[in-house]
Amino acid sequence: MDSTPAILTRGLSKDYGKLLALNSMDLRVEQGEIFGFLGPNGAGKTTAIRLLLDLIRPTGGSAAILGMDCQRESTAVRAVTGYLPGDVRTYSNLSGRQTVELIGGMRPGGVDWREVGELAGDLALDLDRRAGTYSKGNRQKLGIVLAMLGNPRVLLLDEPTSGLDPIVQHVFWDILRRQAARGTTVFFSSHVISEVDEVCQRVGILRQGRLVAVQPVAAMKGRSVRHVEVSFDSAPPPASEFAVDGIRELRRDGATLEFEVAGEIDPLLKALARYHVIDLRTAQPTLDEILLRYYREGVA
Amino acid sequence: MKRFGLLWKSLRDYRVAMVSIAVLNFAIALMDILIYPSYREALGDMELPAGFEGFLGEATSMASPEGFITAEYFAWIPLVLITLAIIAGTGAIAGEEGAGTMDMLLAQPVRRWRLVVERAVGVALLVAIPALLGWPGFLLGEAFVDFDLGGWPLMIATLNMLPLVFIFLGLALLTSALMANRGAAAGITTGILVIFYFVHTLASAVASLHEVRKLTPFYWSDSSYVFVHGFSWARFLVMLAIAIALAALAAWQFERRDVALGSREWRLFSFARRRHAGPEGHIPPSRHPEHTAGGD
């Protein structure tokens, strides 16, 4: 695997006149990575993915997949890319198998029916039923099968688990992990934090068209606000002992203090080192809390 | 359906309409030939109103085989075929966008122009097959009655209808490439059809307006011309070239604009809006992909 980034955007923008859907996005996603792309509805996630696929044209900047320009070399880009929209639309008069045949016929190498059969089996999808009779979940499963056709090197997944039940979601996440293990890059947009937390190595947070942060999931959790409860063997130290940037005392209750700590916990531990601490409890922030903080404060 | 899948899909999607119109064409062609002898006698001394003569084209008499078959078959069968071409043609681009399936197609490694061409050829076959199946009806009828035109002129006249139908297919593709709204594209193409047909019919009926007929494609595809003057390659090829040019314009326009996601409100002058929003076109916030996709 070479060092060419799987996805590279520079100042990528999409301005609809009245709406700046994507504002100068700089992003680099490495090959083999599972990258989460977080943001609420309307943040610009779908716009970014459709720009990468050349379905819409940027008003500024550029984008490349595996070193190929997404506009000038769009056909080559799409030959190595699989796409799963959040709301899969299919032809109601075709069966799942016929849909696979139609779409597979447009891809280099056609359809590997053994792989399709295995994937459909994993997802419990009946390919012989007409797509018009599929539930939203089954349409989404068909979309997964279509996205994986031809073993693409980059998967662009736009809210891929919408409509899938929890069991199938876990099956899907396993499929993604297997794909990543084979070197496939997965670009995974979502507004469901838990699934990004489950499968992604890094996340990018999109807010009102701006990419406000790109970090490993663990680091993002690390730099966020967390609650720490400390119990002492006697009366707690005065508040002045904890007058350190990033630490805020929230509550005093007998021999127990509760703090809000922004970022690393090390300054608090150093301040506590001079005292006899009986217990220390820390609550790991959820990604929801992290995201809310980014949205509220516009933290970059 | 593997190779040229979209072409075959066009035929598959409208196969009921295609077969129905093919049966209709065959039956009407057969019936027209079979009833001609009885009409010939009745029409022989009849003086037709001036307006009706417009339907005869270059033919001089309704009682003549060429006049009869022009008025009874070639004057209106193209309209049926054009209707099918407009329905299927607007479905090929704007219809796919409205249904949200265009993203699935264009996420594959195909050029947009190829998609338009494949769809255009599919719809062209869709209308050509039932058009051509009128001819066996003529032949079968001529086996039973004396019609006096012969199979070859009827075949040429049948082929002569196709460029006219293809022009409206090209218009349907172009309007849907411009507007990304199937209803609007079909409405505008149908409006153009009605205007051309009205002008052609009126100008045919009014002697002082005869020259105006030349402004409409109906004049240049007049099947009676074939019966009276013989097949005109120039007319046929120019009409065909116009149809191809319209389809090429549609492909060119579709190549350069944003693909709409889901149904889109009528934007007649969407191309003008690009002046403000850049070369990618404009989708108002209410129809922005983030809002219509339900995804983001």
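# Notebook: chains A and B of a predicted model

I began with contact order in chain A: of the contacts (heavy atoms within 4.5 Å) between residues at least 6 apart in sequence, 68% join residues at least 24 apart. The model is a predicted one, in which local features need pLDDT of at least 70 and side-chain atom pairs count only at pLDDT 80 or more, while totals for chains, interfaces and linings use all residues. Residues are numbered from 1 along each chain as its sequence is written, chains are lettered from A and ligands numbered from 1 in the order in which they are written, and side-chain values use heavy atoms, with hydrogens and water left out.

**Entry 1, chain A as a whole.** I looked up the secondary structure and found ten helices and 14 strands in chain A, where helices (H or I, at least four residues) and strands (E, at least two) are DSSP runs numbered from the N terminus. The C-alpha trace of chain A spans about 75 × 40 × 40 Å along its principal axes. Of its 300 residues, 54% count as buried; buried means under 20% relative accessible area, exposed over 50%, and partly exposed in between, with a 1.4 Å probe and protein chains only. I noted an accessible surface of about 12500 Å² for chain A, with 49% of it belonging to carbon and sulfur atoms; such areas come from the Shrake-Rupley method with a 1.4 Å probe, and for residues only the protein chains shown count as cover. For the charges, I took Lys and Arg as positive and Asp and Glu as negative, leaving out His and the chain ends, and placed each charge at NZ of Lys, CZ of Arg, CG of Asp or CD of Glu. The mean positions of the 36 positive and 37 negative charges of chain A are then 6 Å apart.

I repeated the survey for chain B, which comes to 15 helices and zero strands. Among contacts in chain B between residues at least 6 apart in sequence, 74% join residues at least 24 apart.

Just after α1(A), A:D54 takes a positive phi of about 65°. I then turned to α3(A), whose buried residues are A:G96, A:T99, A:V100, A:L102, A:I103 and A:G104. Their cover includes α4 (113-122) and α5 of chain A, together with α1 and α6 (102-106) of chain B.

Most residues other than glycine have a negative phi. A:S24, with phi near 45°, lies in strand β2 (residues 20-29) and counts as partly exposed at 40% relative accessibility. A:N151, which also is not a glycine, has a positive phi of about 45°; A:N151 sits in the loop between α5 (136-147) and β7 (154-158) and is partly exposed, with a relative accessible area of 32%.

A:L94 lies in the loop between β6 (81-84) and α3 (96-104) and counts as buried because its relative accessibility is 0%. The C-alpha atoms of A:L94 and A:C70, 24 residues apart along the chain, are separated by 31 Å. A:T133, in the loop between α4 and α5, counts as partly exposed at 47% relative accessibility. A:T133 and A:A48 are 85 residues apart in sequence and 31 Å apart in space, C-alpha to C-alpha.

I used axes that are lines fitted to C-alpha atoms, for helices over the stretch in contact, with angles running from 0 to 180 degrees between N-to-C directions. Helix α1(B) (residues 5-13) and helix α7(B) (residues 112-132) pack at about 35°, their axes 8 Å apart. The residues in contact include B:L7 and B:L11 of α1(B) and B:L115 and B:L126 of α7(B). For α9(B) (residues 151-179) and α10(B) (residues 182-205), the axes come within 8 Å and cross at roughly 140°. Here B:F168 and B:M179 are among the residues of α9(B) that meet α10(B), where the partners include B:I188 and B:F196.
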